[in-house]
Amino acid sequence: MICYFSGCGNSRYLAETIAAGLHDTLVFIPEAARENRYEFTLAEGERLGFVFPIYAWAPPKLVLDFLKQLQLASKPDYLYFACTCGDECGKTEEIFRKALQEKGWELSACFSTKMPETYIGMRGFNLDSEEKAKQKIEAAGTKMTRNIPRLFNKEHFSEMDLGKGAWLKSYVINGSFNKFATDDRKYRFTDKCISCGKCVEVCPLQNVTLEDGHPKWNGHCTMCMACYHHCPVNAIQYGKATEGKGQYYFGRQKKLEDRRK
Ligand SMILES: Cc1cc2nc3c(=O)[nH]c(=O)nc-3n(C[C@H](O)[C@H](O)[C@H](O)COP(=O)(O)O)c2cc1C
Ligand code: SF4
Ligand code: SF4
């Protein structure tokens, strides 16, 4: 069983690729949490995996909350996580290990994979160039080709992009980020909005509704930026931070190229 979260599709791509390689099943964390589904039974010898993006040098809070509530009939004998990041994960492995320890579970393997950047909600944070995004996706494919057989064989390994100043970023800045930078009151729509409802459809937390044909953000946001990136007319902005920065979600480039043909 692979429990996963993804806002803009990078981690979904990873989760689906791993699931295909291991002939495993997927559980989308926000959906399971919404339905209050926390009790699962693993088959004998079944692997338990987690796949998620890195948010502020740590696993997203909603992933850790889900893990806390998760109940299994028996202790998993092989447990791993695979995460996607723009550049670096900080102390994610340590944080995840501690969360597992609290349940009496152990981490067997983990790896991070650089994927195109999705966070542009502050000044100084930008998307990758098309070229860089393409290179990251190619390298991620290579990394998965190498690591999926290792998961299949239940190897113990750790292959993480730690980065500099990890402790400060993961234990200090992460706290401030979760407290102050996930405020959806800064989201707004511009007069380009065509009332298509895509922002409602893509929000993994069902945090966006349409009112009088325009989006309204309802205060339980994880700042995945999916609503911003998927708007077909780029009508969503986050304060002034996102102005002129462009959009990305996994598969967007191919979609645009197909449309041009
Ligand atoms: C709120 C937020 C915070 C992020 N923080 C980090 C970070 O600390 N380090 C990093 O390398 N990438 C960071 N990123 C980039 C994402 O981890 C990366 O683009 C990931 O592949 C997005 O996955 P998704 O498409 O499945 O949502 C952040 C992205 C978001 C939306
Ligand atoms: S996705 Fe964009 S155009 Fe469509 S309803 Fe939302 S803001 Fe408006
Ligand atoms: S409102 Fe937008 S940024 Fe917040 S969780 Fe939903 S899609 Fe993600």
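**View 1. The shell around ligand 1, by class.** The shell around ligand 1 has 14 nonpolar, 8 polar and 4 charged residues. Nonpolar here means Ala, Val, Leu, Ile, Met, Phe, Trp, Tyr, Cys and Pro; charged means Asp, Glu, Lys and Arg; the others, Gly among them, are polar. This is a predicted model: local features need pLDDT of at least 70, side-chain atom pairs count only at pLDDT 80 or more, and totals for chains, interfaces and linings use all residues. Residues are numbered from 1 along each chain as its sequence is written, with chains lettered from A and ligands numbered from 1 in the order in which they are written.

**View 2. Residues and elements around ligand 1.** Ligand 1 is surrounded by 26 residues (C-beta atom, placed from the backbone, within 6 Å of the ligand). The closest are Cys8, Asn10, Ser11, Pro53 and Cys85. Helix H1 (10-22) and strand E6 (79-85) each give two or more residues to this shell. H1 supplies the largest share, 3 residues. Helices (H or I, at least four residues) and strands (E, at least two) are DSSP runs, numbered from the N terminus.

**View 3. Ligand 1 and the two domains.** Domain 1 (2-178) and domain 2 (183-250) both give residues to the shell, so ligand 1 lies between them. The bounds come from an automatic or database domain assignment.

**View 4. Contacts of Phe81.** Beyond its neighbours within four places in sequence, Phe81 is in contact with Gly49, Phe50, Val51, Phe96 and Cys110. Contact means C-beta atoms, placed from the backbone, within 7 Å.

Key: Two residues are in contact if their C-beta atoms, placed from the backbone, lie within 7 Å.
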